[in-house]
Structures are given as C-alpha cells and as structure tokens.
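Please open the model in your viewer and keep the sequence panel beside it. This tour goes from the whole chain to single residues, with something to select at each stop.

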Amino acid sequence: MHELFEHTADLGLRATAPALDALFAEVAACLVSAMVEDPARVQPAQELQIEIAGADREFLLFDWLKELLLRFETDRMLFASFDVRVGEAGLTATVRGESFDPDRHTFAHEVKAITYHELKVIEVDGAWLAEVIVDI
C-alpha cells in the first residue's frame, strides 16, 4: 500500500509493507505514481539490474529512489515493477519498465529531487513503514 500526501511546497510518499524488500518496492511504485497520472500504463518491456551499497536503511532508501529518478532524468525510463532484495550490505533489484511515451504517460508531478527531510524507514508492529519527501 502506498499513498501521496501534501507537504508544504513538496510532496510526501508513504508506503507500508509486511517485509523490508516489499517496502522498498512499494516506495518505488509510489514514486512512479507521483510522476505519472496512470502508472498502470507503464509497461514492463525492458529489464535492468540495479545494485546499491549501504547498511543504513534510510540512506539506502534515499539512494534507491535517487537512482530511479536519475534513470528517468537521463534515460527517460519509467518503471512498472520492482523485485528488490535488501541485505546487510545494500540492495539488489531487478526493475522492469519502458521509455517515457508522452502519448501514453501523462505527467502528474515533476519530481526534481529526493530529500532527506523527514525521511524514515521503521518497523511498526511487525510491518514496515517508509516516508520520504520529494521536491516538486
């Protein structure tokens, strides 16, 4: 489950999941839903492998989202699915998506940056919660 929430001039992303791997995938899906109006229209046509080193969960989430945003900014890639494995030394992920197509993908928000402001990844009653503010 994920949702967007208003935050002054920025936008908040919030996700919950039963496991940490699923949480990182859910936050990534939330980022895509912030960027395009109908993320279901993004097709899993191409597959990429992503590896990010890091042990701190908050910094790892920041770096993960920053990498996905960078892939959009440099390669115009939007992603439809995320298979994420978070370990002690970082994360590995298989992501599937396609190039941005203005005929099928309508922008919802221009996400300019991922921020550290109020960033959190916490375990609550056996489930995981993440919140991150993005600059729009």
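Predicted model: local features only at pLDDT ≥ 70, side-chain atom pairs only at ≥ 80, totals over all residues.

Residues are numbered from 1 along each chain as its sequence is written, and side-chain values use heavy atoms, with hydrogens and water left out.

**The whole chain**

Switch to the cartoon view and follow the protein chain along its sequence, where the pattern is β-β-α-β-α-β-β-β-β-β; helices (H or I, at least four residues) and strands (E, at least two) are DSSP runs, numbered from the N terminus. The radius of gyration of the protein chain is 14 Å, close to the 14 Å given by the globule rule for 136 residues, so the chain is as compact as a globular protein of that length; this radius is taken over C-alpha atoms, and the rule is 2.2 Å times the number of residues to the power 0.38. Taken along the principal axes, the C-alpha atoms fill a box of roughly 40 × 35 × 25 Å.

Of the 136 residues, 43% are buried, a word that here means under 20% relative accessible area, with exposed meaning over 50% and partly exposed in between (1.4 Å probe, protein chains only).

**The core**

Next, select Leu 23, Leu 31, Leu 61, Trp 64, Leu 65, Leu 68 and Phe 82, which touch the most other members of the largest nonpolar core, a group of 44 residues. Such a core is a set of buried Ala, Val, Leu, Ile, Met, Phe, Trp, Tyr and Cys residues joined through side-chain atoms within 4.5 Å. Among the elements that each supply at least two residues of this core are α1 (20–35), α2 (57–75) and β4 (77–87), and the largest share, 11 residues, comes from α1.

Now centre the view on Trp 64 and look for its contacts, which include Phe 24, Ala 28, Ile 50, Phe 82 and Val 95 when neighbours within four places in sequence are left aside; contact means heavy atoms within 4.5 Å.

Is Glu 98 buried or exposed? Select Glu 98 in strand β5: at 10% relative accessibility, this residue counts as buried. Not counting residues up to four places away in sequence, Glu 98 touches several residues, including Arg 41, Arg 76, Arg 104 and His 105.

Move on to Arg 85 in strand β4, which counts as partly exposed at 48% relative accessibility. Arg 85 and Ala 22 are 63 residues apart in sequence and 8.4 Å apart in space, C-alpha to C-alpha.

**Two loop residues**

Finally, select Glu 118 in the loop between β6 (113–114) and β7 (120–124), where phi is near 60 degrees, a positive value in a residue other than glycine. Glu 118 is partly exposed, with a relative accessible area of 45%. In the loop between β7 and β8 you will find Asp 125, whose phi is near 50 degrees, and which counts as exposed at 79% relative accessibility.
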